[in-house]
Amino acid sequence: MSSNKKSRKLTRRSSSHSDKDPGYAIYRSLVRMINQAPKPQPLRLDSESEEEQRRAAAPVLAWGWLQRTLRSGEAAIKLEKSGFGSESAPLLRSALEHSIRLVWADAGEGKLVEVAMLSKKDTSKRLLAAQHEGWTFNDALADQLQQYIDAPTDDFKNLWDLTRLKHAIDKSPREIKDRLKSMYLAWIIYTAASHPSIDSAEPYVNKNPGSSYLDLLSAARPRPAEDCAATSILALIGASYGYSRLTGLEGYFTPALQIILDRYRNYFTDSV
């Protein structure tokens with residue numbers, strides 16, 4: 001197929017129209033709900049029991065994942081408002097994956113820290129092995145990576161399969177699979193758009209009806225204004241649910257989330 005060598009730049013949308021979408025108001029409401037939430041009961045990290053230390057670290061890890069979900073979605077929305085909706089795919093993928101992990105952890109028998117440790121051990125091994133003459137780590141960083149590698153994980157090495165997202169979902173109870181099916185589908189879509197693929201290239205090419213030429217674009221074709229907000233909302237609701245279950249804060253999150261869902265009921269029913 002022929003290609004038109006002349007690039008064409010599409011006009012980006014202003015943010016004023018996007019702000020009218022109720023999705024942005026919903027996302028702001030979710031952010032306020034999370035930022036106003038009580039903190040979980042503190043647990044001591046200085047226990048002599050390694051198992052107790054991991055249990056104490058779980059709410060800390062969950063909080064970090066909740067905030068990464070929240071801020072990734074927030075950043076994606078800001079990019080979309082600035083005309084970079086297609087380029088927000090890696091952020092939406094990250095938000096969805098962190099959310100999926102938080103929901104999965106509810107069925108993971110409290111093993112999210114163990115699975116994260118196994119993943120960190122694997123990443124650390126690969127980082128040290130990937131060093132080369134042009135790029136080596138300083139001693140402090142190399143020692144830190146070695147500590148992650150040497151961390152005792154033999155007691156739960158059988159959980160290695162769960163470091164892979166698809167395996168973790170497949171081994172979850174039916175109730176958790178049902179909660180995750182929409183987020184997992186969205187994650188697959190945004191994973192394809194985040195990696196070198198037909199999906200990642202497609203927004204920068206345009207074919208006019210009846211033409212045999214392709215226009216090569218220097219800015220992605222416009223996306224539906226609500227895409228980023230809708231996906232970010234999906235991820236943040238899931239992450240809030242998972243976090244509340246892991247920290248015992250359902251008494252706060254469940255009614256607070258229901259108020260938001262009831263207030264914007266039409267938005268959610270129209271999205272089904």
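The largest share comes from α3, with 6 residues. Helices here are DSSP runs of H or I with at least four residues, strands are runs of E with at least two, and both are numbered from the N terminus. By class, the lining has 10 nonpolar, 3 polar and 3 charged residues. Ala, Val, Leu, Ile, Met, Phe, Trp, Tyr, Cys and Pro count as nonpolar; Asp, Glu, Lys and Arg count as charged; the others, Gly among them, count as polar.

Ala151 sits in the loop between α6 and α7. It touches Met117 and Lys121, not counting residues up to four places away in sequence. Contact means heavy atoms within 4.5 Å. The C-alpha atoms of Ala151 and Met117 are 8.2 Å apart, although the two residues are separated by 34 residues along the chain.

Residues are numbered from 1 along each chain as its sequence is written. Because the model is predicted, local features need pLDDT of at least 70 and side-chain atom pairs count only at pLDDT 80 or more, while totals for chains, interfaces and linings use all residues; side-chain values use heavy atoms, with hydrogens and water left out.

The protein has 12 helices and 3 strands. Of its 272 residues, 38% count as buried. Buried means under 20% relative accessible area, exposed means over 50%, and partly exposed lies in between (1.4 Å probe, protein chains only). Among contacts between residues at least 6 apart in sequence, 76% join residues at least 24 apart.

The largest nonpolar core holds 56 residues, of which Leu30, Met33, Trp104, Leu180 and Leu236 touch the most other members. Two or more residues come from each of α2 (22–35), α3, α4 (89–105), α5, α7 (165–170), α8 (174–194), α10 (227–247) and α11 (250–263). Helix α4 gives the most, with 9 residues. Such a core is a set of buried Ala, Val, Leu, Ile, Met, Phe, Trp, Tyr and Cys residues joined through side-chain atoms within 4.5 Å. Leaving aside neighbours within four places in sequence, Trp104 is in contact with Leu112, Val115, Leu162, Ala168, Ser172, Ile176 and Leu180.

Gln67 lies in helix α3. Its relative accessible area is 17%, so Gln67 is buried. Beyond its neighbours within four places in sequence, Gln67 contacts Ile34 and Asn35. Pro22, by contrast, is placed in helix α2. Pro22 counts as partly exposed because its relative accessibility is 37%.

The structure holds 5 aromatic pairs. Tyr184 and Trp187 form a stacked pair, 5.7 Å centre to centre and with 15 degrees between the planes. These two residues are 3 apart in helix α8, so about one helical turn separates them. Tyr184 is buried at 17% relative accessibility, and Trp187 is buried at 13%. In a second pair, the rings of Tyr243 and Phe253 have centres 5.8 Å apart and planes at 80 degrees, so the pair is edge-to-face. That pair links distant parts of the chain, with Tyr243 in helix α10 and Phe253 in helix α11, 10 residues apart. Both Tyr243 and Phe253 are buried. One aromatic cluster is formed by Trp63, Tyr243, Tyr252 and Phe253. Rings of Phe, Tyr and Trp (its six-membered ring) pair if their centres lie within 6.5 Å; planes under 30 degrees apart count as stacked, over 60 as edge-to-face and the rest as tilted.
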